[in-house]
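Here are my notes for your first look at this model. Keep the structure open while you read, and go point by point.

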Amino acid sequence: MSWEQELAGAYRRVEDLVADGYLSQEEALRVQGVAKTYQLLIPKYYASLIDKRDPGCPIRLQAIPQFAEQVKTDSDSPDPLEDLKHQPALRITHRYKGRVLLHLTPNCSMYCRFCFRKSLLNELKGDLFSGGFTEAIAYISKTIEIEEVIFSGGDPFMVGEEILKEVLSQLSKILHLKRVRFHTRVPVTLPSRVTPSFVEALASSRFHPVVVTHFNHPREITPQSSRALLALGNSFTVLNQSVLLRSVNDNAQTLIALSEQLFEMGVLPYYLHHPDPAEGTSQFYLSVEEGKRIWEAMRRELPGYLVPRYVKDVVGEAYKRDVISS
Ligand code: SF4
């Protein structure tokens, strides 16, 4: 089956999750409203990793809508990192000196329940993703301090090869640009999309791309995702960023296993990200103090190169802040 067919057959309706035993009727009634506010999309591959007998399954918590997404706290925001306030051109977020985010698409292979952009990918979609790429490329071209373009969520691995090649080709002509980086959860949730033709498109420019995958739990490393990682690792630098999520990976043993298994696939841990206060995600929050304890326990057990930097975004700061320096 091709990745397009897989995506076409993905779960998009609560009723289908009930029919296949991922939700009871009673649970479905509770989450119908949530799935209307924040869209539901789960590839069957990723759903197959869920332990149906375990209501606290870490794969389930990342994929299946939960009633708790309706809870709003005073500190929650639909745009916690103020992407929309730092938008000097269509599809661009320019928050950090020397680097810009370029949003290729609002599409993702799965809509993750913890996503800090979940409002932007839903009701505010038009604001961040409208228009073609001409204005974005012109902005990067005229702003000579920009050395790196970061392709970020929606998921850049969801664009077609031709569009990707065209954008990379245009960026290649901008001489002050030195690097491109792709942040993606596709190898985690729809690894079949990492096809030879897509890898070829990624490699089609003068850049040596950095690919940052977003694995959060060792159970996401499977024969399928490992194949995707090895295919990417043959041509690119591959790093991993995890989000620290309550009840998903909020213990050192899980994160240690994740670092060790990623290393076997040639991937180095890069960031452990403290969760941002995004609307609809408060069930995943934990305190910085808890995060520090987890990170310190990782540091005691792992060699330094397998310990990710524990970071958080602070609005208004010019780079991610290290919660603890290693
Ligand atoms: S793939 Fe990334 S951008 Fe898309 S929903 Fe998941 S976390 Fe958000």
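1. Which unit do E5, helix H11 and E6 make? They make a right-handed β-α-β unit. Helix H11 covers residues 223-233. Strand E5 runs over residues 210-213, and strand E6 over residues 237-243. Please bear in mind that this is a predicted model.

2. Now look at the pairing around E5. On one side of the list is strand E4, residues 179-184, which pairs with E5 in the parallel sense over 4 bridges. E5 also pairs with E6, again in the parallel sense and over 4 bridges. His183 stands opposite Val212 in E5. In E6, the bridge partner of Val212 is Leu239.

3. Asn240 has 25 other C-beta atoms within 10 Å, so it is buried; the cut-off is 20 or more. Leaving aside neighbours within four places in sequence, Asn240 is in contact with Val212, Thr213, Phe215, Leu262, Val267, Pro269 and Tyr270.

4. Next, the ligand. It is surrounded by Cys108, Tyr111, Cys112, Cys115, Arg117, Gly153, Gly154, Asp155 and Arg185. What is the make-up of this shell in nonpolar, polar and charged residues? The shell divides into 4 nonpolar, 2 polar and 3 charged residues.

5. Check two backbone angles. Arg91 has a positive phi of about 70°, although it is not a glycine. Ser247 also has a positive phi of about 70°, and it is not a glycine either. Arg91 sits in the loop between helix H5 (58-63) and strand E1 (92-96). Ser247 sits in the loop between E6 and helix H12 (252-264).

6. Are Arg91 and Ser247 buried or partly exposed? Arg91 has 22 C-beta neighbours inside 10 Å, so it counts as buried. Ser247 has 13 such neighbours inside 10 Å, so it counts as partly exposed.

7. Ile50 is buried because it has 21 other C-beta atoms within 10 Å. Not counting residues up to four places away in sequence, Ile50 touches Tyr22, Cys57, Ile59 and Arg60. Leu61 is 11 residues from Ile50 along the chain, and their C-alpha atoms are separated by 9.1 Å.

8. Finally, step back to the whole protein chain. There are 13 helices and 9 strands in it. Its radius of gyration is 19 Å, close to the 20 Å that the globule rule gives for 326 residues, so the chain is as compact as a globular protein of that length. The C-alpha trace spans about 55 × 45 × 40 Å along its principal axes. Buried residues make up 40% of the chain. Among contacts between residues at least 6 apart in sequence, 82% join residues at least 24 apart.

Technical notes: Residues numbered from 1 in each chain as written. Predicted model: local features only at pLDDT ≥ 70, side-chain atom pairs only at ≥ 80, totals over all residues. Near = placed C-beta within 6 Å. Nonpolar A, V, L, I, M, F, W, Y, C, P; charged D, E, K, R; others polar. Buried ≥ 20, exposed ≤ 12 C-beta atoms within 10 Å, placed from the backbone. Pairing = 2+ DSSP bridges. Right-handed = clockwise from strand over helix to strand, strands pointing away. Contact = placed C-beta atoms within 7 Å. Rg over C-alpha atoms; globule rule 2.2 N^0.38 Å.
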